[in-house]
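Have the viewer open and follow along.

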Amino acid sequence: MGLLTDPGVERSAVPAMLERHHRPVCLLLYLAGIGWFLALAYNPLNHGTYFSENALLPGLVQGDFHGDSKARQYLASLNVEAERNPNKMPHAWLAAHFTQLGLDTYTHNFTLEYPMKENTRFHGRNVYGILRASRSSSTEAVVVSAPYRPPTSLMQGTAPSIALMLAMAHFFSEQVYWAKDIIFLVTEHEQLGIQAWLQAYHRVQSGANVLDHGDLDGRAGSIQAAINLELHSEHVSHIDVKVEGLNGQLPNLDLVNLIHRLCQRENVHHTFKNRDDHPRPETFHGWVHQLKTLWYMIATQATGVPNGNHGLFHRYGIAAVTLEGLQESGRIRRGASLHQLGRVLEGICRSLNNLLERFHQSFFFYLLPSTNRYISIGVYMPPFGLLGGAVVVKALALWYSTSCAAEQQSKQDKKSSVDYSLMGMVPVVVVVHALCAALAYSPQYLAQAGSVMELGAEDSIYIGVVAFSAALLMMPNITSKRHGYRGGSWEVLKCFSVLELAVVLFAGAVYNFSLALVITVIYTPIVLITSASARRVLRIIRAFLLLLIHPMVLLIIFAFLDTWTTFPEIPFDKVLWKTYLASKRALMYSVVDGLIYSNWVFQVATHCLLPIWMLFWNIALSDIR
């Protein structure tokens, strides 16, 4: 930066060359970054998985589980109990069976004050039992959890998960080698129940204080790892391992490798993103297959939404995954029984029992193109650096050109209405960020206003956000007429906007890489070509391209693509209607998840992405006078 702020900057050769040739350099960096990242799905450019934490000792664990008949008995009894109470969780039944097994059994009550409707509460109750370690003093623990879904639930049932959990608790209670407490947890209301239980366990509060997590009557030691079970049948075709957590956090890679290794040993078919590994990964078709798997992980991680109850453990430094057992027809493969699944779960718990310390080796930042390959942060950050580098180069070129213009103007000592300092842009920058911050905190007020007009929270928030975004589109006319900025001033504003975008991209890549990658790929080419112009046609074309990357428009586009690929057989008009419903629901979920679970997606979109977009919108629609 010293070269660009030197008083003789207009005489420096390197910045001058950068300013003259920055367009082809930016294009080259962008294309090279895209190509490099796509190539990472090719096996010679990524790595095979391995164990960094040798204390897990998965090869020394010999499975002894033989309680599959017991699990089937529990499953039959649970199904009968569910038929008697089809709309609620059988708390008494679960607590009684935990107690019969000799576990320390407790129930946990919690209440949600629904933030989008006044005087609306949701109550829930979790049931958990603790198997106290016989060889330690309850200083460490492992969690085995499963969500309960009543027969009336729209989601697939999880009764086999609870039955297998009870059978495992019966088997584990007869063993004497446990050095860690094992907590068997059954939660109500999906992620809401696990969120309340974790907050009560760690005595912390997350979100907007709308969840009263209650208190726990019994506790175990510090939780080292957690396994969440979602088995939908007692005989599954394969196990899908889910890793993505809240705000893109991931578990320690050693835990993921442990599960895949044990599934392989017990002849249980295992997948990632519900996709088999390609038999010939080093061929072109193998590369395409792994690239699709990699894209599915990026798409899931970018949303910031956990794809299972395991995703809420990560914020507490607990490695956790979800094992989903699926029964799919049409696939020629040998399925897995409760006996095999029990041996896999036994192997996982016994390996975790061998841990001498928390997971800290291996990787927490990685991408997976298959079950046995990984891309570490040291491999995927260089291509991202090229993608983001195009934005940085553009900002430096703008900085140089405006600095030279400002120095030339000061030498001529002539009065001009062109202000090349950032201070001239402060009113626009402050107003834009203030309006977008107001939008970020508006959903609760929009829901209250909608209730007066007898609108649901989803409709009122969706209509309010769309109307607010449409009103912001009029801002360029207001600012240009009021301040009368010239072309040079808008170049200063563009320099600031590009720098702000670069900061958001590189800072976001450290926390949620997939979200930062998606934003970088979409925004970079449009941002590089956006500038003020005296030609009306150019302003219209640039405005149209900018509209395509508006955060709200992107939400609708992604909802359309997802609906189109999920329901390819329905007519186009129904696809559009489902797209509207999906985008409305997604917006509502992002707001509510932010208030309850501290999901950052809505806040990032309104506090970071939308202000940057608005600044470029001001630039694109302004005349150079």
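Predicted model: local features only at pLDDT ≥ 70, side-chain atom pairs only at ≥ 80, totals over all residues.

What follows goes through ring pairs, charges over rings, salt bridges and cavities.

## Ground rules

Residues are numbered from 1 along each chain as its sequence is written, and side-chain values use heavy atoms, with hydrogens and water left out.

## Aromatic pairs

How many aromatic pairs does a search of the whole structure find? The count is 22. Two rings of Phe, Tyr or Trp (its six-membered ring) pair if their centres lie within 6.5 Å; planes under 30 degrees apart count as stacked, over 60 as edge-to-face and the rest as tilted. Take F171 and F172: the ring centres are 6.0 Å apart and the planes sit at 55°, so this pair is tilted. Both F171 and F172 are buried (under 20% relative accessible area; exposed is over 50%, and partly exposed is in between, with a 1.4 Å probe and protein chains only). These two residues also belong to a cluster that ring pairs build from F65, F171, F172, Y177, W178 and F184.

Next, look at Y462 and Y580. Their ring centres are 5.5 Å apart with planes at 85°, so they make an edge-to-face pair. Y462 belongs to helix α13 (residues 457-472) and Y580 to helix α19 (residues 572-597), so the contact ties together parts that are 118 residues apart in sequence. Helices here are DSSP runs (H or I, at least four residues), as are strands (E, at least two), numbered from the N terminus. Y462 is buried, at 10% relative accessible area, while Y580 is partly exposed, at 30%.

## Charges over rings

Now for lysines on ring faces. A charge sits over a ring if NZ of Lys or CZ of Arg is within 6 Å of the ring centre and within 35 degrees of the ring normal. K273 does this with F272, its charged end being 5.8 Å from the ring centre. K578 lies over the face of F567, at 4.8 Å from the ring centre.

## Salt bridges

The structure holds 15 salt bridges, each with a side-chain nitrogen of Lys or Arg within 4 Å of a carboxyl oxygen of Asp or Glu. One of them joins R84 and E81, at 3.7 Å from N to O. The two residues are three apart in helix α3 (residues 68-84), or about one helical turn. Are they buried or exposed? R84 is exposed, at 62% relative accessible area, and E81 is buried, at 17%.

R149 is worth a stop, with bridges to two glutamates. Its closest N and O atoms with E190 are 2.7 Å apart. That pair links distant parts of the chain, 41 residues apart: E190 is in the loop between β5 (181-187) and α6 (191-202), and R149 is in the loop between β4 (140-147) and α5 (159-172). With E230, the closest N and O atoms of R149 are 3.6 Å apart. E230 lies in strand β7 (residues 222-231) and R149 in the loop between β4 and α5, so this bridge ties together parts 81 residues apart in sequence. E190 and R149 are buried, and E230 is buried too. Elsewhere, D64, E346 and R350 are linked in a network of salt bridges.

## Cavities

A search of the whole structure finds two cavities of 30 Å³ or more. On a 1 Å grid over the protein atoms alone, a cavity is a set of points where a 1.4 Å probe fits but cannot get out, and lining residues have an atom within 4 Å of a point. Grid points are joined across faces, edges and corners, and a volume is the space filled by probe spheres set on the points.

The largest cavity holds about 80 Å³ of space. Its lining consists of L164, L229, L231, I239, C263, L323, L341, V344 and L345. β7 and α9 (338-353) are the elements giving two or more residues, and α9 has the largest share, with three. The lining splits into nine nonpolar, no polar and no charged residues (Ala, Val, Leu, Ile, Met, Phe, Trp, Tyr, Cys and Pro count as nonpolar, Asp, Glu, Lys and Arg as charged, and the others, Gly among them, as polar).

The second largest cavity has a volume of about 50 Å³, and its lining divides into eight nonpolar, two polar and no charged residues. Among the lining residues are G248, Q301 and Y511. Y511 lies in helix α15 (residues 487-511) and is partly exposed, at 34% relative accessibility. Y511 and G248 are 263 residues apart in sequence, but 7.3 Å apart in space, C-alpha to C-alpha.

How values were computed: 1 Å grid on protein atoms, 1.4 Å probe; cavity = no way out; pocket = protein on both sides within 12 Å on 5 of 7 lines; lining within 4 Å.
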